[in-house]
Amino acid sequence: MDRFWMDRALQRARFAAENDEVPIGALIVCDGAIVGAGWNATESEQDATAHAELVALRQAQRAFGSRRLEDTVLYTTLEPCAMCAGAIVLARIRRLVFGAYDAKAGACGTLRNVVQDPRLNHTCQVIGGVLHNECAGLLQSFFGGLRGRRPK
(Lines give C-alpha, C1' and ligand atoms only; values in the text may rest on other atoms or scores of the structure.)
Protein backbone atom coordinates (compact mmCIF):
# COMPACT_ATOMS: atom_id res chain seq x y z
CA MET A 1 0.00 0.00 0.00
CA ASP A 2 2.92 2.37 0.59
CA ARG A 3 3.74 2.39 -3.12
CA PHE A 4 0.08 3.05 -3.97
CA TRP A 5 -0.14 6.10 -1.70
CA MET A 6 3.30 7.38 -2.70
CA ASP A 7 2.16 7.30 -6.31
CA ARG A 8 -0.79 9.50 -5.29
CA ALA A 9 1.63 11.89 -3.53
CA LEU A 10 3.68 12.00 -6.74
CA GLN A 11 0.57 13.19 -8.59
CA ARG A 12 0.48 16.21 -6.26
CA ALA A 13 4.21 16.76 -6.79
CA ARG A 14 3.71 16.83 -10.56
CA PHE A 15 0.94 19.39 -10.10
CA ALA A 16 3.35 21.54 -8.10
CA ALA A 17 5.94 21.33 -10.90
CA GLU A 18 3.33 22.33 -13.48
CA ASN A 19 2.76 25.44 -11.37
CA ASP A 20 6.48 26.31 -11.09
CA GLU A 21 6.74 25.05 -7.52
CA VAL A 22 9.38 22.64 -6.27
CA PRO A 23 7.72 19.26 -7.00
CA ILE A 24 6.93 17.87 -3.58
CA GLY A 25 3.60 16.26 -2.78
CA ALA A 26 2.18 14.95 0.47
CA LEU A 27 -0.84 12.97 1.66
CA ILE A 28 -2.19 12.09 5.06
CA VAL A 29 -4.08 8.81 5.11
CA CYS A 30 -6.34 7.38 7.80
CA ASP A 31 -8.12 4.04 7.51
CA GLY A 32 -7.49 3.87 3.76
CA ALA A 33 -8.78 7.37 2.97
CA ILE A 34 -7.00 10.63 2.20
CA VAL A 35 -7.75 13.14 4.96
CA GLY A 36 -5.18 15.74 3.93
CA ALA A 37 -3.29 16.50 0.74
CA GLY A 38 -0.87 19.15 -0.34
CA TRP A 39 1.91 20.18 -2.62
CA ASN A 40 4.65 22.71 -2.23
CA ALA A 41 3.20 26.23 -2.51
CA THR A 42 5.98 28.42 -1.14
CA GLU A 43 6.28 30.52 -4.30
CA SER A 44 2.60 30.96 -5.11
CA GLU A 45 1.76 31.73 -1.48
CA GLN A 46 5.01 33.61 -0.79
CA ASP A 47 5.06 31.66 2.46
CA ALA A 48 8.17 29.85 3.66
CA THR A 49 5.95 27.48 5.68
CA ALA A 50 3.82 26.36 2.72
CA HIS A 51 5.66 23.04 2.38
CA ALA A 52 3.60 20.14 1.05
CA GLU A 53 3.66 18.36 4.42
CA LEU A 54 2.37 21.39 6.32
CA VAL A 55 -0.35 22.05 3.76
CA ALA A 56 -1.50 18.43 4.14
CA LEU A 57 -1.25 18.59 7.96
CA ARG A 58 -3.39 21.72 8.13
CA GLN A 59 -6.04 20.15 5.90
CA ALA A 60 -6.13 16.93 7.94
CA GLN A 61 -6.30 18.82 11.23
CA ARG A 62 -9.27 20.81 9.94
CA ALA A 63 -10.94 17.56 8.78
CA PHE A 64 -10.44 15.96 12.22
CA GLY A 65 -11.16 19.13 14.16
CA SER A 66 -8.01 18.40 16.14
CA ARG A 67 -4.29 19.10 15.98
CA ARG A 68 -3.62 15.48 16.90
CA LEU A 69 -3.42 13.02 14.01
CA GLU A 70 -2.44 9.95 16.01
CA ASP A 71 -3.87 7.25 13.74
CA THR A 72 -2.57 8.62 10.45
CA VAL A 73 0.22 8.00 7.97
CA LEU A 74 1.99 10.84 6.18
CA TYR A 75 3.29 10.12 2.68
CA THR A 76 5.64 12.68 1.17
CA THR A 77 7.82 12.57 -1.91
CA LEU A 78 10.87 14.11 -0.20
CA GLU A 79 12.32 13.49 3.25
CA PRO A 80 10.92 16.23 5.50
CA CYS A 81 13.02 19.17 6.65
CA ALA A 82 13.44 20.15 10.32
CA MET A 83 10.37 22.42 10.26
CA CYS A 84 8.12 19.73 8.83
CA ALA A 85 9.63 17.05 11.06
CA GLY A 86 8.84 19.18 14.10
CA ALA A 87 5.26 19.58 12.93
CA ILE A 88 4.99 15.82 12.40
CA VAL A 89 6.03 15.27 16.02
CA LEU A 90 3.62 17.93 17.31
CA ALA A 91 0.74 16.44 15.29
CA ARG A 92 1.63 12.97 16.61
CA ILE A 93 1.66 11.31 13.19
CA ARG A 94 1.97 7.55 13.74
CA ARG A 95 3.96 6.71 10.62
CA LEU A 96 5.96 8.65 8.04
CA VAL A 97 6.71 7.29 4.57
CA PHE A 98 8.88 9.32 2.22
CA GLY A 99 10.29 8.86 -1.27
CA ALA A 100 13.58 10.64 -1.95
CA TYR A 101 16.24 11.18 0.70
CA ASP A 102 17.32 14.79 1.17
CA ALA A 103 21.08 15.09 1.66
CA LYS A 104 20.86 18.86 2.16
CA ALA A 105 17.96 19.25 4.59
CA GLY A 106 16.60 15.80 5.53
CA ALA A 107 15.57 15.72 9.18
CA CYS A 108 14.07 12.22 9.31
CA GLY A 109 17.23 10.15 9.22
CA THR A 110 19.68 11.78 6.81
CA LEU A 111 21.15 14.88 8.53
CA ARG A 112 19.27 14.44 11.78
CA ASN A 113 16.30 12.42 12.98
CA VAL A 114 13.80 14.73 14.65
CA VAL A 115 10.83 12.35 14.32
CA GLN A 116 12.56 9.56 16.21
CA ASP A 117 14.36 11.58 18.89
CA PRO A 118 13.51 9.81 22.17
CA ARG A 119 13.89 13.10 24.08
CA LEU A 120 10.70 14.42 22.47
CA ASN A 121 7.17 13.63 23.62
CA HIS A 122 6.34 11.63 20.47
CA THR A 123 8.19 9.52 17.92
CA CYS A 124 6.92 7.94 14.74
CA GLN A 125 7.85 5.02 12.56
CA VAL A 126 9.80 6.05 9.44
CA ILE A 127 10.07 4.28 6.09
CA GLY A 128 12.29 6.00 3.53
CA GLY A 129 13.00 5.37 -0.12
CA VAL A 130 9.53 4.33 -1.31
CA LEU A 131 9.47 5.03 -5.08
CA HIS A 132 12.80 6.78 -4.52
CA ASN A 133 13.79 6.82 -8.21
CA GLU A 134 10.50 8.37 -9.31
CA CYS A 135 10.52 10.99 -6.55
CA ALA A 136 14.20 11.90 -6.99
CA GLY A 137 13.86 11.89 -10.77
CA LEU A 138 11.02 14.40 -10.66
CA LEU A 139 13.10 16.76 -8.50
CA GLN A 140 16.19 16.35 -10.70
CA SER A 141 14.18 17.01 -13.84
CA PHE A 142 12.60 20.12 -12.31
CA PHE A 143 15.90 21.61 -11.17
CA GLY A 144 17.62 20.60 -14.42
CA GLY A 145 14.91 22.52 -16.28
CA LEU A 146 15.50 25.58 -14.12
CA ARG A 147 19.20 25.52 -14.94
CA GLY A 148 18.31 25.34 -18.62
CA ARG A 149 16.17 28.49 -18.34
CA ARG A 150 18.83 30.66 -16.73
CA PRO A 151 20.32 33.35 -18.96
CA LYS A 152 23.97 32.83 -19.86
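Glu 21 counts as buried, at 2% relative accessibility, where buried denotes under 20% relative accessible area, exposed over 50%, and partly exposed the range in between (1.4 Å probe, protein chains only). The model is a predicted one, in which local features need pLDDT of at least 70 and side-chain atom pairs count only at pLDDT 80 or more, while totals for chains, interfaces and linings use all residues. Residues are numbered from 1 along each chain as its sequence is written, and side-chain values use heavy atoms, with hydrogens and water left out.

Glu 21 is located in the loop between H1 and strand E1 (25–30); helices (H or I, at least four residues) and strands (E, at least two) are DSSP runs numbered from the N terminus. The side chain of Glu 21 reaches the backbone nitrogen of Glu 43 at 3.0 Å. With residues up to four places away in sequence left aside, Glu 21 touches Ala 16, Asn 40, Ala 41, Thr 42, Glu 43, Ser 44 and Phe 142, contact being defined as heavy atoms within 4.5 Å.

The buried residues of H1 are Asp 2, Trp 5, Met 6, Ala 9, Leu 10, Arg 12, Ala 13 and Ala 16. Seen down the helix axis, these buried residues fall within an arc of 160 degrees, so they line one face of H1, the arc being that of the directions from the helix axis to the C-beta atoms. An α-helix has 3.6 residues a turn, so residues three or four places apart point the same way. The face of H1 turned away from the buried side carries the exposed residues Arg 3 and Glu 18.

Four salt bridges are present in the structure, each defined as a side-chain nitrogen of Lys or Arg within 4 Å of a carboxyl oxygen of Asp or Glu. In one of them, Asp 2 pairs with Arg 95, the closest N and O atoms being 2.6 Å apart. Asp 2 lies in helix H1 (residues 2–18) and Arg 95 in strand E4 (residues 95–100), so this pair ties together parts that are 93 residues apart in sequence. Asp 2 is buried at a relative accessible area of 18%, and Arg 95 is likewise buried, at 14%. A salt bridge also joins the side chains of Asp 7 and Arg 8 (3.0 Å, N to O); here Asp 7 is partly exposed at 29% relative accessibility, as is Arg 8 at 23%. Glu 70 and Arg 68 form a further salt bridge (4.0 Å, N to O), with Glu 70 partly exposed at 42% and Arg 68 partly exposed at 36%.

The largest nonpolar core contains 46 residues, of which Met 6, Ile 28, Leu 57, Tyr 75, Ile 93, Leu 96 and Val 115 touch the most other members; such a core is a set of buried Ala, Val, Leu, Ile, Met, Phe, Trp, Tyr and Cys residues joined through side-chain atoms within 4.5 Å. The largest share of this core, six residues, comes from H4.

Methods. Polar contact = N/O pair within 3.5 Å; in protein donor to acceptor, adjacent residues only side chain to side chain.
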